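Visitor: I'm new to this one. Could you show me around and tell me how you know what you say?

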Amino acid sequence: MKILKSIAALLLVASIWSCHRDDDNNNVPENLIGHWKLVNVSGGIAGINQPITDGAVTWEFNSNNTVTIVNAGDDDYTGLASGTYPYAFVNSDVPESCAEKLAINNTQSGGCLTFTTDGKMLISDNYADGFTLEFEHGFSINQ
């Protein structure tokens with residue numbers, strides 16, 4: 001009887017363990033967390049290349065899978081309004097462009113996330129005639 005109970009307990013633990021999701025944003029890049037300022041927006045059907053007023057749009061990626069956006073920009077292409085939004089990584093519908101997309105506010109608004117060798121972050125949806133948002137990292141929130 002002890003063996004039967006042990007096997008039942010082992011099966012219960014195994015079934016709980018197998019139901020655990022390993023993809024609950026455990027793949028968030030470490031260098032994503034922190035303060036970012038939007039410095040340029042490019043792309044779209046018109047092929048714009050729009051510098052953004054210094055510090056007008058900031059994004060702070062938090063470790064609780066939210067991004068806090070402050071958008072005081074007066075440019076036409078500054079993106080999401082000020083607020084705090086959830087973010088996640090989702091399978092891309094265009095895997096040859098990128099395997100996963102950054103989804104903000106439970107939508108596919110966002111895009112492929114890349115980090116450049118000079119410390120910038122790019123969020124690009126240009127494969128769908130969208131825009132590429134270019135961010136700089138590491139500024140002080142008091143700037």
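Guide: Happy to; we'll go from the whole chain to a couple of residues, keeping in mind that this is a predicted model.

Visitor: What makes up the secondary structure of the protein chain?

Guide: It comes to 1 helix and 9 strands. Start at the N terminus and the elements run α-β-β-β-β-β-β-β-β-β.

Visitor: How much of the chain is buried?

Guide: Of the 143 residues, 33% are buried. The accessible surface is about 8900 Å², and carbon and sulfur atoms account for 55% of that.

Visitor: Why is Leu-113 called buried?

Guide: Its relative accessible area is 18%, and buried means under 20%, so Leu-113 counts as buried. You'll find Leu-113 in strand 7, residues 110–115.

Visitor: What does Leu-113 touch, leaving out residues up to four places away in sequence?

Guide: Pro-29, Leu-32, Phe-89, Met-121, Leu-122 and Ile-123. Contact here means heavy atoms within 4.5 Å.

Visitor: Which residues touch the most other members of the largest nonpolar core?

Guide: Trp-59, Phe-61 and Tyr-87, out of 23 residues in that core. Strands that give two or more residues to the core include strand 1 (34–43), strand 3 (57–61) and strand 5 (83–91).

Visitor: What is Phe-61 in contact with, beyond its neighbours within four places in sequence?

Guide: Among them are Leu-32, Trp-36, Tyr-87, Leu-102 and Met-121.

How values were computed: Residues are numbered from 1 along each chain as its sequence is written. This is a predicted model: local features need pLDDT of at least 70, side-chain atom pairs count only at pLDDT 80 or more; totals for chains, interfaces and linings use all residues. Side-chain values use heavy atoms; hydrogens and water are left out. A nonpolar core is a set of buried Ala, Val, Leu, Ile, Met, Phe, Trp, Tyr and Cys residues joined through side-chain atoms within 4.5 Å. Buried means under 20% relative accessible area, exposed over 50%, partly exposed in between (1.4 Å probe, protein chains only). Helices (H or I, at least four residues) and strands (E, at least two) are DSSP runs, numbered from the N terminus. Accessible areas come from the Shrake-Rupley method with a 1.4 Å probe; for residues, only the protein chains shown count as cover.
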